[in-house]
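Hi everyone, thanks for making time today. Could you bring the model up on your screens, so that we can walk through it together?

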Amino acid sequence: MPSKTQRKKRISKPEPAHVENDRKARKPLVEEKTPKRLTEKGLGRFAILLPVGLAFLASANSLWNEFATDDLQQIVHSTFIRKLSNIPLAFVTSVWAFASSEVIFTVDSYYRPLFSAFFTINYALFGPVAWGWHLANVLVHVAVTGMVYYVIKEVTSKQTLALLTAAFFAVHPVHAESVAWTSGITDPLMALFLLPAFGLYVRGRRTGSARLLWFAAGFYLLALLSKETALALPVAIAGLELWYWGVNASKEKVAALWRVLVFVVPTLIYFGLRFNALRTVLFGNNGEQPVASGFRTVPIAFVKYLKLMLLPWGYSYQHYTSFVESFGQWRFIWPIAIIVVVAAGIILLRNREVRFGAVWFIAFLLPALAAIPSFNPEYVVQERYLYIPSIGFCLAVAVAIEWVMTRIAEPKRAMVFAGAVAILLIAAWAGVYARQNSIWHDTLRVYRNCVAVEPYSVESHASLSRGYFEAGRARDAEAEGLRALELDPQGTASVYLNLSFYSHKAGKLNQAIDYLERGAADIVPSAMTRRGLGTVYLNLALLYVQRQQFDLAEQTFLKSIEISPRPVGWYYAGQFYFDQGRLGDARVMYERARDRLPEWFAQVHLRLAKVYDKLGDRVEARASYERFLRVAPSDDEDRADAERRLKRL
């Protein structure tokens, strides 16, 4: 009769191939002697409290900040977030849909319903009180830091490595923009769902549990609904399957492919919801810059992102990066050389955790690099886009400390060394982080820092100029705008637009027109300047209307549309023709605008309805009035008039 031990052996099931391979892969290539006092058991189950506490302490001084930059529009002046009943609307509109009367805000590709819902819930809890909003941001960052610890521990099975990675992530100063700026919460909010998705994927991969993989897919969908760049997760997983777990056998490749394909379902759901809301699945705002120039600019932008991770200074809301015009430029060649050296170093190290960090960093930075043509030069590089990629960098730093630590024979010396290096690095980063938090105190501090970091950037001075004007300091605003003109009178449209706006607000119509005429004459037309120059002509046309120079206004409207054909130009040209009684021309312009604007922009339907009504086209007029009433907010002052006109038809 077989023994009990023999019976156990007989009924035990062999583990799936991918599970066994994963277990082998998790073992280090070279067995390292880790000091006993630094073993996983020695750290204890409460080790997570260290990085979580660091995340809170390093971010705490942001609680005294006010609202800054986009916060004023998205929080202070937004009527959308003031009603919890509007949360369902967030799933059928864009982020900027609340600015429904401003056509300029309608052509955006930001579909982030959970971000809008998060703001709506925050407003219900805190109203317009800034500290509550900042507390919410800090708590999200704290939660994400805890998840970083668990995810790295799940992937590497090394608690020490997970602890160091999470601690570095908690205090890295590049995160200040995402945490200390209320509107910067998009990336931490996405991480709040993305990291559980990845952690569940890793555990499902190891255990062979299909249920865990589907749970991972569910969290991935929530991450997508927070921010579209979560699309990088399947890319990261595919890269890790090939380069971290090292899937080789045919059966393993099929299993890995199936695991990646699980994420197709939530991706399709997301794109369906996105199309329903925006009538497009595309990203970007029709391109601020030529795609080719954006592609050539990727290497220098990538190197700038690496610099922001490596060197704790020079942080700013704006990192002006002029576009690279040719492959032969030195600004294209030297970044490529740096990237080649870094890539070679990663390959030669032959360290699996470093490979993981590299794949993670690159995969989650790809969306920001791909979107470069959609940005103006001052926003080509943006610190908040490093929030999730930085996990890979922090892991690499932790690996470096662990590597040196394992080569010190005496356990006590190893502990002292690792502790000293980690403490010094954490203290240095936390100090810079706290300083950056204070820079996000208000709009003026943000833009003053932009000027301090890049004193010769025209856009930094233009942004500070706008900040002064919003703060009620009109003279300082004009002086800063003129300073920007001195730096480069031919470089940017924003300076001329700002100065014209200030003059117009002061009742100086002729001076406002003079600034725009100077801009139209000084700005050199090119693919880089077409949108800004088109906006200069559009605003100039509107001012000519106010001065009742109607022939000149029409010519300028058409010039704007010729330079930069887009809905905002057609819409205002249609308004001009309608006011002039030229209904046929108004119809053409409004229809062009309607065909390119999202369905929820109510005003274009109302204006077209009035044009059709005056032209005697009762069928189209009725349809347009009905569209307006279907999408217009309940408190829209034009609803009563539209209902009355519809009944008459």
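Let me begin with a term: a residue counts as buried under 20% relative accessible area, exposed over 50%, and partly exposed in between, using a 1.4 Å probe and protein chains only. By that rule, 53% of the 649 residues in the chain are buried.

Two housekeeping sentences before we go on. This is a predicted model, where local features need pLDDT of at least 70 and side-chain atom pairs count only at pLDDT 80 or more, while totals for chains, interfaces and linings use all residues. Residues are numbered from 1 along each chain as its sequence is written, and side-chain values use heavy atoms, with hydrogens and water left out.

How confident is the predictor? pLDDT is its confidence in each residue, from 0 to 100. The mean pLDDT of the chain is 88, and 89% of its residues reach 70 or more. Over residues 1-21, though, the pLDDT is below 50, and this stretch has 14 contacts in the model beyond near neighbours in sequence. By contact I mean heavy atoms within 4.5 Å. Residues 23-40 also have a pLDDT below 50, with 23 contacts beyond near neighbours in sequence.

Now the overall picture. The chain has 31 helices and zero strands. Those are DSSP runs numbered from the N terminus, with helices being H or I of at least four residues and strands being E of at least two. If we take contacts between residues at least 6 apart in sequence, 72% of them join residues at least 24 apart. The accessible surface of the chain comes to about 29600 Å², and 61% of that belongs to carbon and sulfur atoms. That area comes from the Shrake-Rupley method with a 1.4 Å probe; for residues, only the protein chains shown count as cover.

Let's look at a pair of helices. Helix H10, residues 186-207, packs against helix H12, residues 232-243, at an angle of about 35°, with their axes 11 Å apart. The axes are lines fitted to C-alpha atoms, for helices over the stretch in contact, and angles run from 0 to 180 degrees between N-to-C directions. On the H10 side the contact is made by Leu 194, Ala 197, Phe 198, Tyr 201 and Arg 205, and on the H12 side by Leu 233, Ile 237, Leu 240 and Glu 241. While we are on H12, find Leu 242, which lies in that helix. Is Leu 242 buried or exposed? Leu 242 is exposed, with a relative accessible area of 63%. Leu 242 and Ala 256 are 14 residues apart in sequence, and their C-alpha atoms are 9.0 Å apart in space.

Next, please move to helix H21. For its 13 residues, 458-470, the span should be 18 Å at 1.5 Å a residue, and the end C-alpha atoms are 19 Å apart, which agrees. The expected span is 1.5 Å times one less than the number of residues. Because 10 of the 13 residues of H21 are buried, this helix is largely enclosed by the rest of the structure. Among the buried ones are Glu 459, His 461 and Tyr 468. Their cover includes helices H20 (443-453), H22 (474-487) and H23 (493-505). After H21 comes Gly 472, with a positive phi near 85°.

Helix H29, residues 602-615, has 14 residues and reaches 20 Å from its first C-alpha to its last, close to the 20 Å expected. In H29, 10 of the 14 residues are buried, so this helix too is largely enclosed by the rest of the structure. Buried residues here include Gln 603, His 605, Tyr 612 and Asp 613. What covers them includes H27 (567-579), H28 (583-596), H30 (618-631) and H31 (639-648). Just after H29, Gly 616 takes a positive phi of about 85°.

H27 and H28 turn up again, together with helix H25 (530-546), in the cover of the buried residues of H26. Those buried residues include Glu 554, Phe 557 and Ile 561.

Last stop: two loops. Ser 157 sits between helix H7 (130-156) and helix H8 (159-171). Ser 157 has a positive phi of about 60° although it is not a glycine, and it is partly exposed at 35% relative accessible area. Arg 350, in the loop between H16 (330-349) and H17 (352-370), has a positive phi near 55° and is likewise not a glycine. Arg 350 is exposed, with a relative accessible area of 61%.

Methods: pLDDT = per-residue confidence, 0-100.
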